[in-house]
Amino acid sequence: MSKKYRGPVCISVALVIMVIVFISSSMTYKEQSLVPVFSHFSGFFDWIGSLPLINKIRFQYGNVMVSFEEGERIAAVEFFIRKGAHFLTFFMIGFFWCRGLILSKTKICLSVLVSIIIGVSYAGFDEFHQGITGGRTPLMLDVILDSFGAIVGVTVAYLIHHSKRRLKF
């Protein structure tokens, strides 16, 4: 691919991910739930729950208690998958915005700043959108998690750019 198209392609990837997030946020929790699929593998989840340190995990996230106790293991695994997806999705949004702006010859500081603003703003918008979608609960903790993912993505994009510049003597 020609160098002049790399920036716009990265920004296009970020926009596609943002559209997918919007569509996903339009669905109810029940439409997205992995619990019915995971229930077919209850033996595996019983094994996970039997691991010495795993079965001790118990914490509050917003108004939900996350625990690997008997009967709650599938929901706990789904919780970690969903929150990992939150982080990874916003990581990619931050990464591709920053990488795209840098490759489009935008100043580095401006690329980083704009990418962080877009990632954090979209995290807030996503939770607002979930709040007006039936069967969804917006959480400030998710905004923080998503924002952190975007900031880490921007940081990785910056470090990649910085390391490539330093390698050119």
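Good morning, colleagues. Residues are numbered from 1 along each chain as its sequence is written. Because the model is predicted, local features need pLDDT of at least 70 and side-chain atom pairs count only at pLDDT 80 or more, whereas totals for chains, interfaces and linings use all residues; side-chain values use heavy atoms, with hydrogens and water left out.

I begin with the overall fold. The protein chain contains seven helices and two strands; these are DSSP runs numbered from the N terminus, with helices (H or I) of at least four residues and strands (E) of at least two. Along the sequence their pattern is α-α-α-α-β-β-α-α-α. The C-alpha trace spans about 55 × 40 × 30 Å along its principal axes. The chain has 169 residues, of which 36% count as buried. Here buried means under 20% relative accessible area, exposed means over 50%, and partly exposed lies in between, with a 1.4 Å probe and protein chains only. A contact means heavy atoms within 4.5 Å. Among contacts with a separation of 6 or more, 71% come from residues 24 or more positions apart.

I turn to a pair of helices. Helix H4, residues 42–50, packs against helix H5, residues 73–103, at an angle of about 85°, and their axes are 9 Å apart. The axes are lines fitted to C-alpha atoms, for helices over the stretch in contact, and angles run from 0 to 180 degrees between N-to-C directions. H4 is therefore roughly perpendicular to H5, a term covering 65 to 115 degrees, while under 35 is roughly parallel, over 145 roughly antiparallel and the rest oblique. H4 contributes Phe45, Asp46, Ile48 and Gly49 to the contact, and H5 contributes Arg73, Ile74 and Val77.

Strand S1, residues 58–61, runs antiparallel to strand S2, residues 64–67, and four bridges join them; strands pair if DSSP finds at least two bridges between them. Arg58 has Ser67 of S2 as its bridge partner, and Gln60 stands opposite Met65 in S2. Two residues lie between the strands of this hairpin, and Gly62 in the turn has a positive phi of about 65°.

Is Ser115 buried or exposed? Ser115 counts as buried because its relative accessibility is 1%. Leaving aside residues up to four places away in sequence, Ser115 touches Gly94, Trp97, Cys98, Leu101 and Val154. The C-alpha atom of Ser115 is separated by 9.5 Å from that of Gly100, 15 residues apart along the chain.

Finally, the cysteines. How many disulfides does a search of the whole structure find? The search finds zero, a disulfide being a pair of cysteine sulfur atoms within 2.5 Å. Cys10 is in no disulfide, and the nearest cysteine sulfur, that of Cys98, is 10 Å away. Cys10 is buried, at 12% relative accessible area. For Cys109, the closest cysteine sulfur is in Cys98 at 10 Å, too far for a bond. Cys109 counts as exposed, with 66% relative accessibility.

Thank you for your attention.
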